[in-house]
Amino acid sequence: MPKLLPMADEGTAEPPFQRIAIVGFGLMGASLAMAIRRLWPSTLVIAVDRRDVIETAMRMHAADVGGDDLILAADADLVVLAAPVLTNLSLLLSLADSLPGEAVVTDVGSTKRGIVEAARALPARLTFVGGHPLAGAAVGGIEAARPDLFNDRPWILTPEGAASEAAAAKLTTVIEAIGGRTKTMAAEAHDVLAAYLSHLPQLAASALMHVVGEHAGADGLALAGRGLRDTTRLASSPADIWRDIAASNQDNIGRAIDELIAVLLKIKAASGTGTEGLDETFGSAAAWKRVLEEAAERR
């Protein structure tokens, strides 16, 4: 069932943006809208998506107005592109026709090189800042949205140029107010890192669940322990979002997959000839897992 939005106290500080249009009202877009409305009730939140999604958004009180036409964003001073990656790219190219005035434009896509490059063609009145919140859930869609999705989660920004850096500073105010932690990096560096931190784990989890499920079947899976469930938590993610991510970061994802395959082949060889390769991989994995957990504890 959709989650209803808790309202904020009226004494909340002045919002950095007065009119925010969010294009794409799935998990990310709707969660952002809910967080903003809870913190700044006076900010007008405009939802742009399919009519059925907008109807759900209105029932959830996640937006003030909504519809399926980008022209609704015409008077927004912040536009957030929260659709799948390649859809965001297409939307970016049509923004100039729908936004006659000045606005900051950002996105929440998982790859950055393509959209940052395309944004260079925007008119000067539209200032683009690439963005990627490292937050999510096992399932997507507006029904899974919640206002605390970004609490204590990294949010990478990829500004390019002086105007973009100034807009990034303003966006940082919003992101940190809703609980996120901003980090700035180049779009190229982001896409390499995202391939390992996000894209490879997702693809590996989905591939693993596919292989295990096809072999074990329903009866076999009924015997599985919690380890398999924990390891394959990401396997419920929707394919439509990941098609775009895989297509727009193919080179980096390909290298990451090749590295994983090489390790698996090393383990395969070790299982027949000795334990050295297995011990090395497990030892390294355990050490890096401790680093990961220690980093999480410091947050």
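This note sets out points on the sheet, selected side chains and aromatic groups of a predicted model.

1. The sheet as a whole. The model contains an open sheet of eight strands, in which the order is S3-S2-S1-S4-S5-S6-S7-S8 and the pairing is mixed. At the edges stand strand S3 (65-67) and strand S8 (181-184); each has a single partner strand, so one side of each is left without a neighbour in the sheet. From one strand to the next, the twist averages 25°.

2. A helix against the sheet. Helix H2 (residues 51-59) packs on the sheet, where it touches strand S2 (44-48) and S3. The direction of helix H2 makes about 165° with that of S3.

3. Strand S1 and its pairing with S2. Strand S1 (residues 19-23) is largely enclosed by the rest of the structure, because four of its five residues are buried. Strands S1 and S2 pair in the parallel sense, over five bridges. Within this part of the sheet, Val-23 has Val-48 in S2 as its bridge partner.

4. Strands S4 and S5. The parallel sense also describes the pairing of strand S4 (residues 78-81) with strand S5 (residues 103-107), which extends over four bridges. Opposite Leu-78 stands Val-104 in S5.

5. His-132. This residue lies in strand S6 (residues 126-133). Is His-132 buried or exposed? Its relative accessibility is 7%, and His-132 therefore counts as buried, the limit being under 20%. The side chains of His-132 and His-190 are joined by a polar contact of 2.7 Å. Leaving aside residues up to four places away in sequence, His-132 touches Asp-107, Val-108, Gly-109, Ser-110, Lys-112, Pro-154, Trp-155, Ile-156 and His-190.

6. The aromatic pair. How many aromatic pairs does a search of the whole structure find? The search finds one. It is formed by Phe-150 and Trp-155, whose ring centres are 5.0 Å apart and whose planes are at 50°, so the pair is tilted. Phe-150 counts as buried, at 1% relative accessibility. Trp-155 is buried as well, with a relative accessible area of 6%. Trp-155 is also among the residues that His-132 touches.

7. A charge over a ring. The ring of Phe-17 has the charged end of Lys-170 sitting over it, at 4.6 Å from the ring centre.

8. Arg-37. Helix H1 (residues 27-39) contains Arg-37. With a relative accessible area of 12%, Arg-37 is buried, because the value falls under 20%. Which side chain does that of Arg-37 join in a polar contact of 3.1 Å? The partner is the side chain of Asp-64.

9. Gln-250. The place of this residue is in helix H9 (residues 250-273). The relative accessibility of Gln-250 is 59%, and the residue therefore counts as exposed, for which the limit is over 50%. Gln-250 and Asp-97 are 153 residues apart along the chain, and their C-alpha atoms are separated by 31 Å.

How values were computed. Residues are numbered from 1 along each chain as its sequence is written. This is a predicted model: local features need pLDDT of at least 70, side-chain atom pairs count only at pLDDT 80 or more; totals for chains, interfaces and linings use all residues. Side-chain values use heavy atoms; hydrogens and water are left out. Helices (H or I, at least four residues) and strands (E, at least two) are DSSP runs, numbered from the N terminus. Buried means under 20% relative accessible area, exposed over 50%, partly exposed in between (1.4 Å probe, protein chains only). A polar contact is a pair of N or O atoms within 3.5 Å; within protein, one must be able to donate a hydrogen and the other to accept it, and residues adjacent in sequence count only if both atoms are side-chain atoms. Two strands pair if DSSP finds at least two bridges between them. Axes are lines fitted to C-alpha atoms, for helices over the stretch in contact, and angles run from 0 to 180 degrees between N-to-C directions. Contact means heavy atoms within 4.5 Å. Rings of Phe, Tyr and Trp (its six-membered ring) pair if their centres lie within 6.5 Å; planes under 30 degrees apart count as stacked, over 60 as edge-to-face and the rest as tilted. A charge sits over a ring if NZ of Lys or CZ of Arg is within 6 Å of the ring centre and within 35 degrees of the ring normal.
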